[in-house]
Amino acid sequence: MRILFDSSLDGRAWPLWPGEKEALLGENRVGRLGLLGLLETILGLRGPDMPEGVRVASLVPLLQQNKQAFWAKSAEVDPFGVARELLRLYDFLFMHGWQEQPLTPRLADLTSLGRMILPAIPQRLVAIQDALSDYEGALPEITLLESEESLPLLWQRLFSRLKEKGAEFLNPAECITEDKQGDLTAARAESFTPIGDCSLQLIRPVGVLLAAEEVAAWLAKVAEEEGLAGTVIIGADPVLDTALNRFGLPVSGATPESGHALLQLLPLVLALGWNPPDPARIMELLTLPVSPIPSKIRRKLIQALSKWPALGSPLWQKNLAEGLSEITDTTERQQKEDRLSILFEPSAVNGEYPVAAIRQRVEMLSRWLHNGFPNDPQVYPALSQCRIFSTMIEALGRENLSEPVLKKIIDETINAIDPPPILPAQAGLAAVTTPEAIIGPARRIVWWNFNRNTVPPLTFPLLTREEQAALASVGVILPDSAILANSRAKRWRRPLVHATEQLVLVCPAQDAAGNDLHPHPLWDELLAASNDKAGSLIEKKIQHSYTLPCISPKQLEIPQALTSWTVPANTITN
């Protein structure tokens, strides 16, 4: 088995297979999670993944037991936020070689939590290293596409252990691109002077919608003239997918940040349990495209809520009874009545929500989702949301939850779930999430969302000088920000290196909210290399020899009012 490793390869990558081949056999392209899974499978260690929200919730009860710890005062105000930050600090130190030594008072407090923290990636890495000590089987060949020194210490130790056990590490093959004269080729050098041959350009339309229309129209013409083989989009989002769909092109299947109807059900179902519930939240549940409330009953309840904004009003009860009475099947009517009685019965008393009532509501929603959408992939994220939420409230071990705590759990659950795409991915147009995922030649690359907001900052937990010195004395090697920055800068140049014909960078002047957008830091590198002459490559529209399609729908005639109607004979009978 051959493994191609890069931290960006846990998602989609380009090319799908090396060279001109049309299949991939014996080679796995994996990121950190993928390599962990493969090695655990080989060593017989594979176990269930632990959602981060469950780890946070399980730590909350422990924080309130130690009243002398450095987090005690903060935990009284925001236990979930404190638990998340402590986990972040613990995992960070563990990944870089800390073994729970109580070196300073703060680290001693953190050590006291160690045995109670649920395992995650650091613990999985240690388990793999331990299991390799007795392993005598074959190990895969591994090619690292990123520098080993830029990885956390535990990853470096894992690779060292693999080498000791006989795993072969290969150097990545040198990228050979066609020797063409043009801006795209010249921009790879330390200095260049652009000539404006359209092989490299930065598109700066006014807004995001205009940019999406421009890119989609251009790709539609490219598909008509040359086909889309070898065309890759980086960082597509629902805005671009919608434009591609309008022009009849394949879409990437980008997921929205939020807003999917099924993922809104759990917060709204729980919101109805407060006494009294917020009428606005009731209306949200009634007006969703899908809801555990039958559509005919919803219409009646919307009428009641519009006239009397409260759950349980006389008009509400009257319309609810009428809606249920219209269901002729006795079994079906009883099932819906039971479901609605759970949904509309106030559960919270004096600002405290009983966990038993929460559990009943979540189970009701899970049953409805499972029975109402059998074998539908669209419902899987909502079912996972209910499962993670239930696990978190069980980990807390409380009988009642306050509104702030419940809101924290809901937020953690929402963050743990990726909503389904608005438009499912289609074959015919390749797409990757990040520029680092371009690891081979591509004929044409469109870098959508080429702006600074897509570059995550390099952030590390704050440590005092005393703590840094104590950690260094026991072999903890904290990350070097210069090494990480250089590694990241080298990896985000991959689209520039691997594009063979054209690289189109898209950065509108403003985002959807009207905020100014600034180009990705790679553009600063190109400006520096060209002595600011790369500014001549900025255009409002994509420059190409094609004439872009212009779709003009045929105008419809305005219907005229008719004062008389002619009905065929024998149409109306007595």
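This report looks at salt bridges in a predicted model.

## Ground rules

Local features need pLDDT of at least 70, side-chain atom pairs count only at pLDDT 80 or more, and totals for chains, interfaces and linings use all residues. Residues are numbered from 1 along each chain as its sequence is written, and side-chain values use heavy atoms, with hydrogens and water left out.

## The count

Side chains of opposite charge can pair when their charged atoms come close. The structure holds 27 salt bridges (a side-chain nitrogen of Lys or Arg within 4 Å of a carboxyl oxygen of Asp or Glu).

R491 pairs with D6 in a salt bridge, with the closest N and O atoms 2.6 Å apart. R491 lies in helix α20 (residues 481–491), while D6 sits in the loop between β1 (2–5) and β2 (27–30), so the pair ties together parts that are 485 residues apart in sequence. Helices (H or I, at least four residues) and strands (E, at least two) are DSSP runs, numbered from the N terminus.

Both residues, R491 and D6, are buried. Buried means under 20% relative accessible area, exposed over 50%, and partly exposed in between (1.4 Å probe, protein chains only).

R88 and E85 form a salt bridge, their closest N and O atoms 3.6 Å apart. Both lie in helix α4 (residues 79–95), three residues apart, about one turn of the helix. R88 has 35% relative accessibility, so it counts as partly exposed. E85 is partly exposed too, at 44%.

## A network

E226, R443, R444 and E501 are linked in a network of salt bridges.
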